[in-house]
Amino acid sequence: MAKQDRTTLTEFLLRMGDNTLILGHRVSEWCGHAPVLEEDIALANTALDLIGQTQLWLGYAAEVQGEGKTADDLAFLRDAWDFRNVLLVELPNGDFGQTLMRQFLFDAWSSILMPRLATSSDTRVAEIAEKAAKEISYHVERSADTVVGLGDGTEESHTRMQAALDYLYPYVGEFFLSDAGDAAIAAAGIAPDPASLRAEYDDFLDRVMAKATLTLPEDRFTHHGGRNGEMHTEHLGHILTQMQWLQRAYPGNTW
Amino acid sequence: MVAAMNRPSTDQVWEWLGEIPDPEIPAISLTDLGIVRDVEWLGDTLTVTVTPTYSGCPATSLINMEIETALRSHGIDKLDLKRQLSPAWTTDWMSDEGRKKLETYGIAPPQPAGGPKACPRCGSDNLERLSQFGSTPCKAQWRCRDCLEPFDYFKCI
């Protein structure tokens, strides 16, 4: 593989793996704190699937990068500016409703992207996506149901879900921003152009929000800067201090 | 080194693998679960191909260790464990024997319809779902409305 191609593919894989890593870590923060036991277990299981997918994406990223690193090196030894996740996944959990709204906004995107990646020209990408797609279709069923249940629930839960949607929606646009790297990846048949997923995503959100009696903000303004590494929110550094402290304090330590 | 003449047949290896219990659900074996995809001799090295149930399942590394320990105890010292992601594991690969053992153990086996057919304790079909998720990534929580017992359901994927 030419050096330029390798750099572009590594960047794509980091974007995939960093999304699942940071969201997985965020969701795992609920472990032992969820409102009921069943939800606690559901959140922990979702986080576990996301971390599993991270191992596959970052494991492949490390191989393609060719610097002798592992998935663990990439997860635990990079600093905030090297992360390529969208800003949405690093936002704070807020209340249970906000966590599930964020999960739905992510799952909806992921559930549209993954079946397309399963036909990627890159065999490894296709294999990872095939595996992940099964888990994601399960996640989106639950997150969509919960958004509907809480949105179309009590006055209190409805108000909270609308506030969560108003807060999070200005971050979803970042999923669909394309840059030169995305164009190269799309041209090579590795992944679709991110912008090409927007119509299906909007349609999905319209349907779920209508059932949930929630109103999608009209403004399409989007925060961005995570997936291209320009500027993360202040929250990412805080996540990393917790996620990485052990490897930082005791370098190379193993379980 | 195992000489070609007296190296165990792949059928024999499958039989040994069928004796290794799943670390999370010891009632069924690794072959009942359908995660062993291939057993093959390549020269003097035995290659065993395993597919994960869920990408983040913590039992995966333990399963590999148990396979290694079991096969070494049968005298196989050149062993290559391969991970295969595609085709992705499906509960369709679970053996009929495995399904029966699960039910006897108290876990409702996976059904294409997406929910358990009957309560593994009293056989009633008057059931309700408590949670899509359960104590391991491969299970969900259900309850029988007749005997009121909660039970695990092996998710169908």
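1. **Before you start.** This is a predicted model, in which local features need pLDDT of at least 70 and side-chain atom pairs count only at pLDDT 80 or more, while totals for chains, interfaces and linings use all residues. Residues are numbered from 1 along each chain as its sequence is written, and chains are lettered from A and ligands numbered from 1 in the order in which they are written.

2. **Chain B at a glance.** You will find four helices and seven strands in chain B; helices (H or I, at least four residues) and strands (E, at least two) are DSSP runs, numbered from the N terminus. Their order along the sequence is α-α-β-β-α-β-α-β-β-β-β. The C-alpha trace of chain B spans about 60 × 25 × 20 Å along its principal axes.

3. **Burial and contacts in chain B.** Of the 157 residues in chain B, 32% are buried. Here a residue is buried if 20 or more other C-beta atoms lie within 10 Å of its own, exposed if 12 or fewer, and partly exposed in between, with C-beta atoms placed from the backbone. Taking contacts in chain B between residues at least 6 apart in sequence, 52% join residues at least 24 apart; two residues are in contact if their C-beta atoms, placed from the backbone, lie within 7 Å.

4. Strand β1 (residues 36-42) and strand β2 (residues 45-50) of chain B run antiparallel and are joined by six bridges; strands pair if DSSP finds at least two bridges between them. On to the next pair: β2(B) runs parallel to strand β3 (residues 79-83) of chain B, with five bridges, and B:Val48 stands opposite B:Leu81 in β3(B). Between β2(B) and β3(B) the chain passes through helix α3 (residues 59-73) of chain B in a right-handed β-α-β crossover; right-handed is said if, with the strands pointing away from the viewer, the path from the first strand over the helix to the second runs clockwise.

5. **The four-stranded sheet.** An open sheet of mixed pairing in chain B has the order β4-β7-β6-β5. Each of β4 (107-108) and β5 (127-131) of chain B has a single partner strand, so one side of each is left without a neighbour in the sheet. Two bridges link β4(B) with strand β7 (residues 150-154) of chain B, and these run parallel; B:Ala108 has B:Tyr153 as its bridge partner in β7(B).

6. **Where the chains meet.** Which helix of chain A gives the most to the side that touches chain B? First, the totals: 19 residues of chain A are in contact with 15 residues of chain B. On the chain A side, α2 (37-65) and α5 (123-151) each supply at least two residues, and α2(A) gives the most, with 10 residues. By class, this side of chain A has eight nonpolar, three polar and eight charged residues (Ala, Val, Leu, Ile, Met, Phe, Trp, Tyr, Cys and Pro count as nonpolar, Asp, Glu, Lys and Arg as charged, and the others, Gly among them, as polar).

7. **Two places in chain A.** Helix α4 (residues 96-117) of chain A is mostly covered, with 19 of its 22 residues buried. By contrast, A:Arg220 counts as exposed, with 11 C-beta neighbours inside 10 Å. A:Arg220 sits in the loop between α8 (198-211) and α9 (234-249) of chain A.
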